[in-house]
Amino acid sequence: MASYKKEKEVLKILNISRTTLWRLKKKGLPHIKVGDSVRYVIDEVRDWIASEPTTSYQSSLELSNQIEEIQIEKERILNHYNIDLDYLFESNYFYLKKILKDNEIIKLKSTLKSYKDDGLPNQEIVRIFSKEYIKFIRSKYREQTRLSEFDEKLNNFLNQKDRTIKVIWGDAYKVLRKLESESIQLMVTSPPYFNARAYSQWDDLNIYLNDMRNIIRESYRVLDNHRVWVFNVGDIFDNDQITTKSVWGKRRIPLGAYFIKIFEEEGFEFVDDIIWDKGEVESKRHMNNGINYPLYQYPLNCYEHLLIFHKHRLDKSKIPCPVCGSLKVNGNTQSEIGVQSWECKNRNCFIRSPHNRGKRFSLRTNLMQYNHDNDKDNLIDSKTINMWRRDIVKFPPVIKINQNGENILGHSAPFPEDIPSMAIKYFTYVGENVMDPFAGSFTVPIVAQKLNRVGIGIEINKDLFRKAILKRINNSLNVFESGDTFEEFDVS
Ligand SMILES: C[S@@+](CC[C@H](N)C(=O)[O-])C[C@H]1O[C@@H](n2cnc3c(N)ncnc32)[C@H](O)[C@@H]1O
Ligand SMILES: [Zn+2]
């Protein structure tokens, strides 16, 4: 009996776009309707593609043009039905030689040989080739941008990808300088809010902002390309210690605005400001002692920012066409700031536009158009999507401080799990590295581990927080699932 394939499978087998399939279907590609969806018998599809055009079309010039067009389409599909990794290696050899050293080419070849590619769909073969090739480009970039402080032991510690929370004790700036470039796929944090807490004291606002700038600059190097920084910060009410040193010098300090400027100056693209509505918070500023007269009224401050930034480093190294795997591509335009886009010049590419232009793509679009069919691990639950639909989101802060200013979580400024949970689901894939450079009570790494990512936290105050942090991490570990653990590394 013939087996009926779904549209998704046919697209994969033929390695053609939805539009091409739609056009072929309009021209008579055999299919049957099952309820609202359509099914295909692959052998019939193959026969049809191989067949001559039917005579009934040949009545008008317009139709015969269309037939010609469809014949070209058919030939391309037929002639390039089966590619394999050997074919991609050989056909790209000319370009590989231009950028890789001899020993790297040999290594790439033997890596490709280690895959069993018999009978794999073209799409899968292209994906394997691109993945292995991009690995080489990336490792070259990493070597070139290593700082003198690079610490191999620390990097090995981070590269063990088990279900582990990684605790790094030390100053975020110093730690970041020891790390490999572009080795973290997401940064999420809530930094110290200037002098809002007893454990953080800067002489004045500018010194604080400068310290933060240095850390942000290093984070730019360490964050992977085309990835995201989620930065939670409030506009505090405090004395900046610049204009006046007296207690009366308190004012609204728009940390959110200052940080946006710093991030932009350090190369990031500002993408979104999600306002976290904290509801009714414990703040006394709005109380007016019953004096309901002008110039005496202030609102209760109940929001914080979730600033979203992108890193788009302009990377001009050639990347393979995501459709056919060819390195015969031309830098086409800059599709957005920092993003190089390419056009496939392989005349035999499986997808060409009706005007015979090649596929256009960038590393960024390739990242986003990752094949999500049956990708259940990375599917975002609709509860999260609904919660973060608007750019004002209301949920309460963590209930924390007791009368002595201490709290049950061992830290006086933990942030709710909702923030890292959204950030991690929205901006990373399972297995990737998530870092909080100001980890505090380690909410980010803990949530990351729960979501099957590697959670990495840096914290400077080892003496003050170690006991409470380790206790909290231990409580969060799933004792029934072996492998759940944490590791410490001291850089201080
Ligand atoms: C606002 S708290 C982070 C709260 C955290 N998101 C949580 O949920 O617990 C900021 C933390 O950064 C730490 N910190 C301050 N300066 C640092 C630095 N230079 N390097 C690393 N950690 C630092 C502080 O000790 C504090 O624990
Ligand atoms: Zn192509």
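This is a short tour of the structure, stop by stop, with something to select at each one.

**Before you start**

The model is predicted: local features need pLDDT of at least 70, side-chain atom pairs count only at pLDDT 80 or more, and totals for chains, interfaces and linings use all residues. Residues are numbered from 1 along each chain as its sequence is written, while chains are lettered from A and ligands numbered from 1 in the order in which they are written.

**Stop 1: the whole chain**

Show everything as a cartoon. The chain has 16 helices and 17 strands. Here, helices (H or I, at least four residues) and strands (E, at least two) are DSSP runs, numbered from the N terminus. Of the 492 residues, 28% are buried. A residue is buried if 20 or more other C-beta atoms lie within 10 Å of its own, exposed if 12 or fewer, and partly exposed in between, with C-beta atoms placed from the backbone.

**Stop 2: helices 6 and 7**

Select residues 102–113 (helix 6) and 122–144 (helix 7): their axes lie 11 Å apart, at an angle of about 150°. That makes helix 6 roughly antiparallel to helix 7. Axes are lines fitted to C-alpha atoms, for helices over the stretch in contact, and angles run from 0 to 180 degrees between N-to-C directions. Angles under 35 degrees count as roughly parallel, over 145 as roughly antiparallel, 65 to 115 as roughly perpendicular and the rest as oblique. Now show side chains: Glu104, Leu108, Thr111 and Leu112 of helix 6 meet Phe129, Glu132, Tyr133 and Phe136 of helix 7. Two residues are in contact if their C-beta atoms, placed from the backbone, lie within 7 Å.

**Stop 3: helices 10 and 11**

Next, select residues 205–222 (helix 10) and 255–265 (helix 11), which pack at an angle of about 40° with axes 10 Å apart. This makes helix 10 oblique to helix 11. Leu209, Met212, Arg213 and Ile216 of helix 10 make the contact with Tyr258, Ile262 and Phe263 of helix 11.

**Stop 4**

Move on to an open sheet of 3 strands, in the order 11-12-13 with antiparallel pairing. Two strands pair if DSSP finds at least two bridges between them. Strand 11 and strand 13 (360–362) are at the edges, each with a single partner strand, so one side of each has no neighbour in the sheet. Strand 11 (residues 329–336) and strand 12 (residues 339–344) are joined by 6 bridges. Look for Gln334, whose partner in strand 12 is Gln340, and for Asn330, which is bridged to Glu343. In the hairpin of these two strands, with 2 residues between them, Gly338 takes a positive phi near 80°.

**Stop 5: strand 15 and its neighbours**

Select residues 433–436, which are strand 15: Asn433 and Met435 on one side and Val434 and Asp436 on the other are all buried. Strand 5 (residues 184–189) runs parallel to strand 15, joined to it by 2 bridges, and Met187 has Met435 as its bridge partner. Strand 16 (residues 454–459) also pairs with strand 15 in the parallel sense, over 4 bridges. There, Asn433 stands opposite Val454.

**Stop 6: helix 14**

Finish with residues 418–427, helix 14, where the buried residues are Ile419, Pro420, Ser421, Met422, Ala423 and Ile424. What covers them? Among the elements over these buried residues are strand 5, strand 10 (303–310), strand 15 and helix 15.
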